[in-house]
Amino acid sequence: MLISIGMINDSGDLLYAVNADMDLAAVYAHPWLRTNVYPHLPRTTARCRCLAGHLDLADPAVMSRPQIARMVADFITYRPSPRLWGWYSDYDHVVLAQLFGTMAQLLAGIPQRTNDLQQEIDRMGNPPLPSQEGPAHHALADAMHIQRLRRLLGPMPPARAAEA
């Protein structure tokens, strides 16, 4: 399930959204998500006294999945041939694709894969890297850190056509 998404492009433009349609109680019930992701979500307990609280729907980052899908599509396709980078990004790409339906339903201009920075770091022999400056597991802080690392590592290999 999409919880939140953070992106930054090479121009420094930012995208951050929290899924208004997610099941916050399910996030709270999952031990890892409760500890690492839940604290970063905009919440309110004004409506009740349940443990998980509720998403703060007044927060400008909180929006519906269809709104997030449109925003993400516009953000990614603002220029031709975009490349996506993530950290252990296999599952993230599945969740990204699910914004549009199935992988086969990805919109034109959205890459069918996300390059994995951790894989590239392994390939480079695991050079020492700086720690994340912002809070870990906050989608936008994570995206900014990934971009910082990608820039520190220098030019990445050029995109190649998919192999048969």
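Contact is taken here to mean heavy atoms within 4.5 Å. The structure is a predicted model, in which local features need pLDDT of at least 70 and side-chain atom pairs count only at pLDDT 80 or more, while totals for chains, interfaces and linings use all residues. Residues are numbered from 1 along each chain as its sequence is written, and side-chain values use heavy atoms, with hydrogens and water left out.

The secondary structure, in which helices (H or I, at least four residues) and strands (E, at least two) are DSSP runs numbered from the N terminus, amounts to six helices and seven strands. Along the sequence these elements are arranged as β-β-α-α-β-β-β-α-β-α-β-α-α. The protein has a radius of gyration of 17 Å, close to the 15 Å that the globule rule gives for 164 residues, so it is as compact as a globular protein of that length; the radius is taken over C-alpha atoms, and the rule is 2.2 Å times the number of residues to the power 0.38. Taken along the principal axes, the box filled by the C-alpha atoms is roughly 50 × 35 × 30 Å.

Burial was assigned from relative accessible area, with buried meaning under 20%, exposed over 50% and partly exposed in between (1.4 Å probe, protein chains only). On this basis 40% of the 164 residues count as buried. The accessible surface, computed by the Shrake-Rupley method with a 1.4 Å probe, comes to about 9800 Å², and 55% of this surface belongs to carbon and sulfur atoms. Of the contacts between residues at least 6 apart in sequence, 62% join residues at least 24 apart. The mean positions of the 14 positive and 15 negative charges are 1 Å apart, where Lys and Arg count as positive and Asp and Glu as negative, His and the chain ends not being counted, and where the place of a charge is NZ of Lys, CZ of Arg, CG of Asp or CD of Glu.

Helix α6 has 14 residues and reaches 20 Å from its first C-alpha to its last, close to the 20 Å expected at 1.5 Å a residue, the expected span being 1.5 Å times one less than the number of residues. The buried residues of α6 are A139, L140, A141, A143, H145, I146, Q147, L149 and R150, and these buried residues pack against β1 (4-8), β2 (14-19), β6 (85-86) and α5 (117-123). Within this helix, which covers residues 139-152, Q147 is buried because its relative accessible area is 9%. Apart from neighbours within four places in sequence, Q147 is in contact with I8, N9 and D10. The helix is followed by G154, for which phi is positive, near 90 degrees.

In helix α4 (residues 90-98), where L96 is placed, the buried residues are H93, V95, L96 and A97. The buried residues of this helix pack against β1 and α3 (65-76). L96 itself has a relative accessible area of 7% and is therefore buried; neighbours within four places in sequence aside, L96 is in contact with I5, V72, I76 and L84. L107 lies eleven residues from L96 along the chain, and the C-alpha atoms of L96 and L107 are separated by 11 Å.

Helix α2 (residues 31-36) contains N36, which counts as buried because its relative accessibility is 18%. When neighbours within four places in sequence are left aside, N36 is in contact with A136 and H137. With a relative accessibility of 32%, H137 counts as partly exposed.

N126 also belongs to the loop between α5 and α6, and this residue, again not a glycine, has a positive phi of about 55 degrees. The relative accessible area of N126 is 47%, so N126 is partly exposed. A further residue of the loop between α5 and α6 is G134, which at 31% relative accessibility is likewise partly exposed.
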